[in-house]
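Please keep the sequence and the model at hand while reading.

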Amino acid sequence: MVNQSLKANSVTVEFVGLRALDNVSLTLNRREILGLIGPNGSGKTTLINVLTGQVKPVSGTVTCDGEDISALLPRERALRGILRSFQTVRLFSNLTVEENIEVAAIAKGSSRRAAGRIVDRLLEEFSLGAYRAELASSLNYGDERRVEIARALAAEPKYLLLDEPAAGMNEDESATLMQVLARLPQERDLGIIIIDHDMPLIMRLCHRLQAIAQGKTIGEGGVDEVRRLPAVIEAYLGADAVESEDHA
Amino acid sequence: MAVYVQFLIDVLSLGSLYALMALGLVIVYGILKLVNFAYGELIMVAGYSLFLLGGTPLPWLVMAAIAVLMAIGAGIATEYAAFRPVRSKSVTAVLITSFAFSTLLQNAALLFISPRARTVPLPDIFSDTVVLGGATIPLRNILTIVAAAIMLAIFSFIMKKTVLGLAMRAAATKFTMARMLGIPANLVITSAFALSGLLAGVVSLFWLGRIGSVVPGIGLEPLLVAFIATVIGGMRSLQGAVVGGFLLALIVTTFNYSLPPELLKFRDAFTFSLVILILLWRPDGLIKGPATGQRT
């Protein structure tokens with residue numbers, strides 16, 4: 001079907017005295033994983049905030065499956081299937097793991113019984129069954145991350161925006177998480193944006209990349225293509241690296 | 001023996017009222033991180049409802065039920081009048097609007113009813129006594145304890161087992177995140193105010209049972225008590241509110257029993273000194289709730 005995508009169209013965001021995003025566009029299709037890369041402070045998280053409605057752009061629009069959703073509140077966008085995770089884990093710490101996931105399913109409009117089934121499935125899919133009745137505050141960091149993603153999935157998203165989902169995880173944990181994430185787009189007809197600094201991980205997982213530096217898109221396209229762009233290398237490693245790459 | 005039984009019943013019955021009162025305050029605070037200073041007026045509204053119904057031939061239980069419904073209605077009205085319009089603005093704004101709503105209700109009672117105390121209808125059973133372990137106990141105190149136990153059970157069921165309770169607990173930990181998942185914030189907040197009205201309404205029946213009449217300023221003491229109980233128990237925890245309520249009742253009752261008559265008029269000074277000591281020892285209250293961050 002056409003138009004099955006989440007789009008930011010020529011978005012500009014200004015904070016006091018700072019242009020955080022300058023005329024940036026982004027397209028996330030269903031069934032794909034888009035990697036959003038760029039140095040710290042380049043505007044990646046701000047772009048996610050624009051898509052979820054937490055930050056209002058001074059110009060530009062956001063469309064979801066062809067419809068302009070620029071005026072919608074974060075909550076309304078969540079109900080339309082745009083869910084996110086945060087750089088810092090934001091679980092409901094005084095709820096159990098099970099309840100954390102259940103509450104998201106119910107908020108989306110599932111009945112209690114349907115929510116129960118969703119919880120069971122996600123607990124199994126993310127190997128969280130053992131922690132079912134534990135309080136979220138008692139989990140270690142890697143488990144918290146997995147609960148957070150399971151919680152977002154319980155709301156049956158069409159677009160899932162993950163802000164550094166593997167941050168703080170060890171090698172094994174992040175490898176396991178990647179295996180789960182890689183399957184999701186096809187299984188759930190889902191589009192995923194991942195922000196991460198772990199380039200090998202990003203390159204294995206993503207179908208496309210978009211690179212941002214100083215609030216501007218400096219490259220987008222296939223993974224190998226974007227990685228070799230001089231502007232991308234320069235933004236990450238400085239201008240010298242580009243020269244040495246050219247000579248090589 | 002008799003004196004111990006009496007002491008125990010006194011602590012438990014007073015503690016029941018304090019605990020329910022504190023719970024009603026903390027359920028709103030937990031979600032909004034704002035103290036509802038018009039909370040005491042819910043007791044007043046229930047009190048005047050009882051007074052106005054006093055002339056009707058209705059059975060007392062029906063009057064009581066209507067009074068509790070009025071308190072729930074007043075709780076919801078507080079949210080609409082004082083909180084919703086300014087909720088996202090600033091803490092100070094809500095502080096002032098909730099004080100304003102409290103003053104408005106008190107003055108309405110002054111103007112339309114009377115500044116003088118008005119007797120409320122009470123059931124005969126409230127003035128009966130029973131003999132327990134050699135002590136003569138007002139039956140009212142036993143009923144207070146039973147009612148509080150039932151209310152706590154209902155409250156705990158709602159919070160733990162229902163969808164609404166789940167949503168309220170989620171919103172109390174991370175309000176923004178709950179909203180971002182699609183939890184209807186307004187519904188959760190209105191429900192919290194309604195529950196707080198229910199608790200205050202039930203408390204009012206027994207509170208009025210102790211003093212027998214209602215005045216416009218009746219809400220001040222219960223508000224103060226609820227506030228102190230939540231501060232001792234921990235503002236962020238529902239269990240803390242209950243523990244704080246019973247602890248405050250224990251402190252007050254102990255002073256009532258042990259202070260010599262000439263010092264009894266300074267009881268509150270002793271109570272507050274002890275409260276200060278408790279807070280020096282545990283600044284966050286006895287039970288620490290979940291660490292919560294942002295308000296809106």
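**Contact between the chains**

The contact takes 19 residues from chain A and 15 residues from chain B. The model is predicted. The points below start with the chain A side of this contact and then turn to each chain.

- On the side of chain A that touches chain B, the elements giving two or more residues are α2 (74-79) and α3 (97-108) of chain A.
- The most comes from α3(A), which gives seven residues to that side.
- Sorted by class, the side of chain A that touches chain B holds 10 nonpolar, three polar and six charged residues.

**Chain A: the four-stranded sheet**

- Four strands of chain A make an open sheet with antiparallel pairing, in the order β2-β1-β4-β5.
- β2 (18-29) and β5 (67-68) of chain A are the edge strands; each has a single partner strand, so one side of each has no neighbour in the sheet.
- Strand β1 (residues 5-15) of chain A runs antiparallel to β2(A), and eight bridges join the two.
- Within this pair, Val11(A) is opposite Val24(A) of β2(A).

**Chain A: the six-stranded sheet**

- Six strands of chain A form an open sheet with mixed pairing, ordered β6-β7-β8-β3-β9-β10.
- Its edges are β6 (82-85) and β10 (216-222) of chain A, each with a single partner strand, so one side of each is left without a neighbour in the sheet.
- From one strand to the next, the twist averages 15°.
- Six bridges pair strand β9 (residues 208-213) of chain A with β10(A) in the antiparallel sense.
- Arg208(A) is placed opposite Gly222(A) of β10(A).
- Helix α5 (residues 141-154) of chain A packs on the sheet, where it touches β6 and β7 of chain A, and its direction makes about 175° with that of β6(A).

**Chain A: helix α1**

- Which strands does α1(A) lie across in the six-stranded sheet? They are β3 (33-37), β6, β7 (159-163), β8 (191-195) and β9 of chain A, and the helix runs at about 150° to β7(A).
- Helix α1 (residues 44-52) of chain A also lies across β1, β2 and β4 (59-64) of chain A, running at about 115° to β1(A).
- How many residues of α1(A) are buried? Nine of its nine residues are, and the helix is mostly covered.
- The buried residues of α1(A) include Lys44(A), Thr45(A), Thr46(A) and Asn49(A), along with Leu47(A), Ile48(A), Val50(A) and Leu51(A).

**Chain B: a hairpin and a helix pair**

- Strand β2 (residues 129-132) and strand β3 (residues 135-138) of chain B run antiparallel and are joined by four bridges.
- Val131(B) has Thr136(B) as its bridge partner in β3(B).
- The hairpin of β2(B) and β3(B) has two residues between the strands, and Gly133(B) takes a positive phi near 55° there.
- Helix α5 (residues 139-161) and helix α8 (residues 185-211) of chain B have axes that come within 10 Å and cross at roughly 175°.
- That crossing angle makes α5(B) roughly antiparallel to α8(B).
- The residues that meet are Arg140(B), Thr144(B), Ala147(B) and Met151(B) from α5(B), and Leu199(B), Val202(B), Phe206(B) and Gly209(B) from α8(B).
- By class, this contact of α5(B) with α8(B) has five nonpolar, two polar and one charged residues.

**Nonpolar core and one buried methionine**

- The largest nonpolar core has 170 residues, and Leu23(B) and Ala171(B) have the most contacts inside it.
- Helix α1 (residues 2-32) of chain B supplies the largest share of this core, 18 residues.
- Leaving out residues up to four places away in sequence, Leu23(B) touches Phe155(B), Leu199(B), Leu238(B), Ala241(B) and Val242(B).
- In soluble globular proteins, nonpolar side chains tend to be buried together.
- Met177(B) lies in helix α7 (residues 175-180) of chain B.
- Why does Met177(B) count as buried? Met177(B) counts as buried because 20 C-beta neighbours lie inside 10 Å, and the cut-off for a buried residue is 20 or more.
- Met177(B) and Leu198(B) are 21 residues apart along the chain, and their C-alpha atoms are separated by 28 Å.

How values were computed
Residues numbered from 1 in each chain as written. Chains lettered and ligands numbered in written order. Predicted model: local features only at pLDDT ≥ 70, side-chain atom pairs only at ≥ 80, totals over all residues. Contact = placed C-beta atoms within 7 Å. Nonpolar A, V, L, I, M, F, W, Y, C, P; charged D, E, K, R; others polar. Axes fitted to C-alpha atoms, helices over the stretch in contact; angles between N-to-C directions. Parallel < 35°, antiparallel > 145°, perpendicular 65-115°, else oblique. Pairing = 2+ DSSP bridges. Core = buried A, V, L, I, M, F, W, Y, C linked by C-beta atoms within 7 Å. Buried ≥ 20, exposed ≤ 12 C-beta atoms within 10 Å, placed from the backbone.
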